[in-house]
Amino acid sequence: MEMINLPVGYQLVGANTPISRVCFIESGIASSVARTEGGKSMENMLVGREGMTGWPVLLGARTTPDETTMGVAGEGFVIAAADLRREMERDARLRDLLLGYINICLLQVGQLVLANGQYALRERLSRWLLMCHDRLDTDDLPITHEFMSSVLGVRRPGITNELHVLEGMRAIRATRGNVRIIDRKVLEETAGVTYGVPEREYESLMAQWRAEIPMPSGLPVEGVGEGNHF
């Protein structure tokens, strides 16, 4: 494994290109985005220090139509996809852990579909801010209105309006290029049932792993499962 810097905009997985490397995020946030031929886009997964990018390759896929880039700068460990697949074949414990994580990724996508189909932008934005907060060591989220607009698939004025509402609820404080979490509980109440299912499953997976499975020798472990709220 090799530790690399991950600046904002760094592409970890390209759309429809071979997935040659997998990255275990140590800090920062990566965003997986689906795009249409007409240029519309929406985030379908958020990854931080709890997880990895490029996981479709572990299910036998060679490419994916989605693109994964860094939305908040950080660092990560990269490993060749072929090497990780070999380790999974060799180590059943590692395979079970990674497949458990992939299950959580699929749950995150399912919750996104539910949120987008059944809930308003305020709930969706609150959910997304909570997910970012989970993955960072600070209450200050270095994110812009433009980035939020892009990943949530809505126009920027809609984001601005809902941020003002959340400020009025004393949940956040939004300034240029930053959103400060003031009262997480208010955000959780606003997000409601759109937030929490993948997070609880992740906590369960980590608890089971620590209790029953010795640490695989090939994985970085510092920070795994030790997020603000995971």
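Modeller: **The domain interface**

Happy to! The chain has 7 helices and 9 strands, these being DSSP runs numbered from the N terminus (helices: H or I, at least four residues; strands: E, at least two). This is a predicted model, where local features need pLDDT of at least 70 and side-chain atom pairs count only at pLDDT 80 or more, while totals for chains, interfaces and linings use all residues. Residues are numbered from 1 along each chain as its sequence is written, and side-chain values use heavy atoms, leaving out hydrogens and water.

Domain 1 covers 1-118 and domain 2 covers 120-194, with bounds from an automatic or database domain assignment. Their C-alpha centres lie 23 Å apart. Each domain brings 18 residues to the contact (heavy atoms within 4.5 Å). The area buried between domain 1 and domain 2 is about 1,600 Å², with carbon and sulfur atoms giving 56% of it; buried area is the accessible area (1.4 Å probe) that two parts lose on being put together, summed over both.

Across this interface there are 2 salt bridges (a side-chain nitrogen of Lys or Arg within 4 Å of a carboxyl oxygen of Asp or Glu). Glutamate 50 forms a salt bridge with arginine 135, their closest N and O atoms being 3.2 Å apart. On the domain 1 side that touches domain 2, strand 3 (21-35), strand 4 (41-47), strand 6 (67-80) and helix 2 (92-118) each supply at least two residues.
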